[in-house]
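Student: I have a model open and would like to understand the words used to describe it. Could we go through them together?

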Amino acid sequence: MSILLSFHKSILEEIHDPATSDLLVLARGLGLRRIICTLMQIYDSKQSLILLLNASPEEETAIGDELGIMGCRRPGLRIVGYEMGKRDRQDLYKNGGLISVTSRILIVDTLQSDIPTELITGIIVLHAEKATALSLEAFIVRLYREKNKAGFLKAFSDQPEHITSGMSPLKNIMKELQLRRVHIYPRFHEDVKNTLETRKADVIELYQRLTEPMEAIHHAIVQCMTVTLSELKRSNKTLELDDLNIESAYFRSFDAVVRRQLDPVWHKVGPRTKQLVGDLATLRRLLTYLLSYDALAFHAYLETLVASNTTTATGAAKQHQSPWMLTDAANVIFSTAKRRCYILTAPKPTASVPERQVIDVDDEDAWAALDEVHGIIVSKSRDSGKEKEKKKPWIPDNMSPVLEELPKWDLLADVLQEIEEELMRQEAVSTRPPTRGSNTVLVMTSSPRSSTLVSEFLGEMDGTAPKGSRGRSMMERKLRTYLYWKGENARQKQPRHQQPPHFSAPQPQPPSQPEGEISEALKKKDKTRQERSANRRRVRGGAPLVVAPSKPAVVDPKLESRDDADVIAAFLASQPSDLLVSSDADALLLETLLLSEAEMEYDTHYGLVPPSQTVVVRAYTDDTDDQILAELQPRFIVMFEPNLDFVRRIEVYRNSNPGMGVRVYFMVYQLCCEEHKYLAGLRREKESFEKLIKERGSMLLPIFEDKHAGKSDAVIKTISTRLAGGRKELSTVASQVIVDMREFRSTLPSLLHASGLLVVPATLTVGDYILTPDICVERKSIPDLVASFNSGRLYTQCELMSVHYKHPVLLIEFEENKAFSLETVAESAKSYAKPTNKYPAKKSTGPTDSDRAPPSVQSKLVLLTLHFPRVRIIWSSSPYGTADIFNDLKANAFEPDPNRAIAIGAEEDPEAGAGINAAAEELLRCIPGVTAKNVKYVMSKVGSVRELCELDRKGVQGILGVEPGNACYDFMHRGDRKKGVV
């Protein structure tokens with residue numbers, strides 16, 4: 001465990017007091033987890049109950065391990081999960097200690113009084129930036145403060161960028177968490193600055209230029225992003241999109257910002273705007289993949305983009321294509337990306353082959369004679385070089401592999417060579433090894449995929465090869481896999497297009513000569529038809545009108561990829577089946593994986609590799625990187641890609657280990673989005689902290705009122721005035737709502753509690769909310785409503801509610817900032833104009849598109865109301881509106897009974913089987929319309945099977961419902977119908 005630095009100690013001195021509640025906003029990478037673990041170690045005791053909220057499973061594991069290293073092992077951090085029973089949780093809470101629990105479990109346990117709220121010593125909340133009025137954390141704090149005023153609450157956040165959007169975001173977080181003190185520690189804080197600048201690491205900045213093809217692709221992608229963003233602003237002039245620029249588009253949060261801006265009018269925007277929003281995310285990913293993927297993987301990803309943009313999942317042509325793919329910049333992206341991998345040349349005629357060979361032979365003889373005159377003996381090396389350049393048998397004849405490597409690979413190889421030379425120099429100079437740190441080299445990358453790629457390159461690197469071709473063997477292996485993939489895709493598409501396999505094969509096919517002329521003619525006709533259809537698609541797709549119809553920039557990427565696939569498929573068709581992969585591809589793949597794992601796990605001599613020969617390649621994560629640095633203690637760190645958080649972690653690591661020299665190689669691509677993104681992230685964090693400091697200086701602290709002060713008003717609301725003679729009777733039961741356990745995923749229970757209702761959690765079989773003994777509510781959001789209609793679950797739910805409750809209600813709830821409408825403008829924009837005789841309507845020749853379309857949600861709702869006339873539908877614009885509706889429905893009504901609500905519809909009722917004839921119950925279960933969920937209800941309505949059979953059709957429907965009642969009645973009276981009695 002690393003030691004605490006001086007600014008860590010000053011932070012702990014400010015927030016460790018259990019009599020205060022605080023919010024700490026710390027810059028990322030400065031050791032937030034170390035502060036939290038130290039604070040939990042201070043509070044660790046069997047006499048105290050400390051709850052940890054909002055921790056992910058990975059964070060729970062890491063915090064538990066770090067607490068174990070610090071000495072908190074008996075019992076340490078206990079994790080409460082869904083597999084733990086109610087009794088076990090109660091015993092765990094009573095024993096005290098450090099407990100990590102999810103928000104949903106804690107809410108239910110608090111409402112059911114399974115946890116002694118008044119005995120909680122304190123709550124530690126992670127990711128405080130997520131606390132809003134609708135979050136579960138705000139609900140927990142409200143319940144916590146109702147019964148416990150003395151306990152503390154410590155909230156932590158290392159995401160200042162998330163606390164700067166909206167009006168007074170810092171004040172809102174402190175209001176919802178009921179906090180009054182906030183501590184802000186950016187990197188430029190005086191204590192942090194003085195501490196980290198005491199000892200600095202030896203940083204070597206390495207700026208690498210992109211290759212010319214990568215620069216062309218990078219410039220074209222930025223150009224496409226600029227065009228897409230300007231088009232988005234032009235088509236949505238009413239929205240405030242001026243703050244959106246290319247610099248902000250580098251970050252992943254840009255997609256969420258754009259979607260948040262468009263959410264209120266998302267139902268009004270057309271498919272073109274939605275396509276533009278998705279294209280911005282795709283182009284941002286392309287910028288990242290260009291710098292982290294190898295050339296073949298990047299080209300394959302582009303081909304999948306083209307395929308998904310032109311055809312739908314069903315194979316039909318896609319109507320709304322991405323506009324950026326119709327630009328000249330897109331053509332640059334696709335063509336240059338292919339040239340980074342290979343170059344396809346047209347097959348030479350057979351007559352020119354001998355002439356070309358004679359020229360090559362003469363050239364070789366001339367070079368050999370010149371070398372012999374100068375006395376240079378290089379024939380051997382030339383022969384070996386020629387053997388190396390000899391084309392592999394699995395590469396098509398007209399394909400010249402380029403296999404461009406990422407520039408940073410050579411830079412990384414040079415850095416590792418320099419580190420090795422430095423280690424050898426240190427060993428020669430000093431007689432004893434350094435006491436602090438190890439010689440293990442730590443290489444950090446941006447993603448696990450980049451880590452895998454770097455590991456493959458280092459494992460297969462040829463140190464003797466010239467720069468730019470050190471990873472040739474790895475790239476050739478990837479090219480072989482790529483060709484197999486392309487060939488398999490072409491084989492799957494071949495029967496659909498009915499193309500002959502010898503379309504562009506280098507070898508002629510004599511047997512097919514009689515039909516050759518016809519097939520060539522048909523081929524030419526089909527090609528002309530395809531070109532015409534491509535031009536029609538281009539105009540319909542909304543291409544700029546200034547583009548000439550003969551310009552090939554629109555169609556080239558698609559046609560080129562198809563031609564490539566045809567060439568590869570034709571070549572593979574003319575070669576043995578096991579050229580690229582054996583007949584059993586799965587077995588070969590499994591064998592390759594096992595061999596690679598064996599090579600990675602074990603050394604040749606089954607021994608430990610010395611640290612000086614070990615290179616650890618790892619992706620950036622969260623605060624777990626601090627633990628990795630503390631365990632490995634590397635003296636050489638290579639940042640393969642820039643990361644602002646890890647720079648701070650290295651600073652903390654260097655100052656936590658005095659006397660140890662640390663050298664950091666900081667690698668970044670120059671004049672590209674990687675450098676711009678790093679600088680923009682640094683600037684965004686600085687501006688966010690400045691806004692928080694400014695808001696804290698002018699913030700009005702909220703005053704928290706006591707919720708028990710208005711208790712008399714709640715009692716008055718429960719007075720029932722429905723008694724005869726105007727007599728009033730005071731109800732002793734508080735106004736309550738029974739809520740199903742699964743509903744605590746939503747925000748409605750929190751708002752119901754905030755409105756003054758008592759929320760009673762229960763496991764309900766019928767309904768989601770029980771408002772009164774007669775009113776049962778099934779809540780559906782719009783996506784849930786559509787899914788319930790498609791699966792048929794809503795029909796069963798309405799059927800059960802109609803059987804067991806007098807007033808079944810279907811609540812359709814919309815989101816607060818979205819449209820209060822089930823259909824978009826495009827769907828509702830129908831022509832209601834009166835037809836005139838000037839342009840008579842055309843006669844319909846068949847079913848229209850609207851007839852073939854699946855039924856809409858509105859039509860399904862109409863059918864639902866026809867089947868269940870007693871089901872009432874309530875439309876709510878937001879969860880806030882739902883809370884007001886529930887309060888109005890509960891006015892002057894009796895309170896529901898939780899035990900009865902749980903028993904309704906339950907399959908297993910222990911008290912229901914007392915004194916019941918088991919054989920009669922088994923017979924009743926076999927009758928159509930009677931299920932395991934309603935059999936207890938039927939038995940409570942009728943005394944025997946005979947009594948059920950003597951009921952008329954309306955009586956059976958009154959017990960079972962309309963459809964089940966008809967099925968049951970028809971089954972019981974089938975014989976009477978045959979005799980003509982019924």
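Student: Which residue lies over the face of Phe-640?

Tutor: Gladly! Lys-408 does, at 5.5 Å from the ring centre. A word on the ground rules: this is a predicted model, where local features need pLDDT of at least 70 and side-chain atom pairs count only at pLDDT 80 or more, while totals for chains, interfaces and linings use all residues. Residues are numbered from 1 along each chain as its sequence is written, and side-chain values use heavy atoms, with hydrogens and water left out.

Student: What makes the charged end of Lys-408 sit over the ring of Tyr-669?

Tutor: A charge sits over a ring if NZ of Lys or CZ of Arg is within 6 Å of the ring centre and within 35 degrees of the ring normal. For Tyr-669 the distance from the centre is 4.5 Å, and the charged end of Lys-408 is listed as sitting over that ring.

Student: Why is the aromatic pair of Tyr-289 and Tyr-293 called stacked?

Tutor: Rings of Phe, Tyr and Trp (its six-membered ring) pair if their centres lie within 6.5 Å; planes under 30 degrees apart count as stacked, over 60 as edge-to-face and the rest as tilted. Tyr-289 and Tyr-293 are 4.3 Å apart centre to centre with 10 degrees between the planes, so the pair is stacked.

Student: Why does Tyr-289 count as buried?

Tutor: Buried means under 20% relative accessible area, exposed over 50%, and partly exposed in between (1.4 Å probe, protein chains only). Tyr-289 has 19% relative accessibility, so the residue counts as buried. Tyr-293, at 12%, therefore counts as buried too.

Student: Why is the pair of Tyr-620 and Phe-646 called tilted?

Tutor: Tyr-620 and Phe-646 have 5.4 Å between their centres and 55 degrees between the planes, so the pair falls under tilted. This pair links distant parts of the chain, 26 residues apart. Both Tyr-620 and Phe-646 are buried.

Student: How many aromatic pairs does a search of the whole structure find?

Tutor: The search finds 12. Ring pairs also link Tyr-289, Tyr-293 and Tyr-301 into a cluster.

Student: How do you know that strand E18 and strand E19 pair?

Tutor: Strands (E, at least two residues) and helices (H or I, at least four) are DSSP runs, numbered from the N terminus. Two strands pair if DSSP finds at least two bridges between them. Strand E18 (residues 775-781) and strand E19 (residues 807-813) have 7 bridges in the parallel sense, so they pair. Ile-775, for instance, has His-807 in E19 as its bridge partner.
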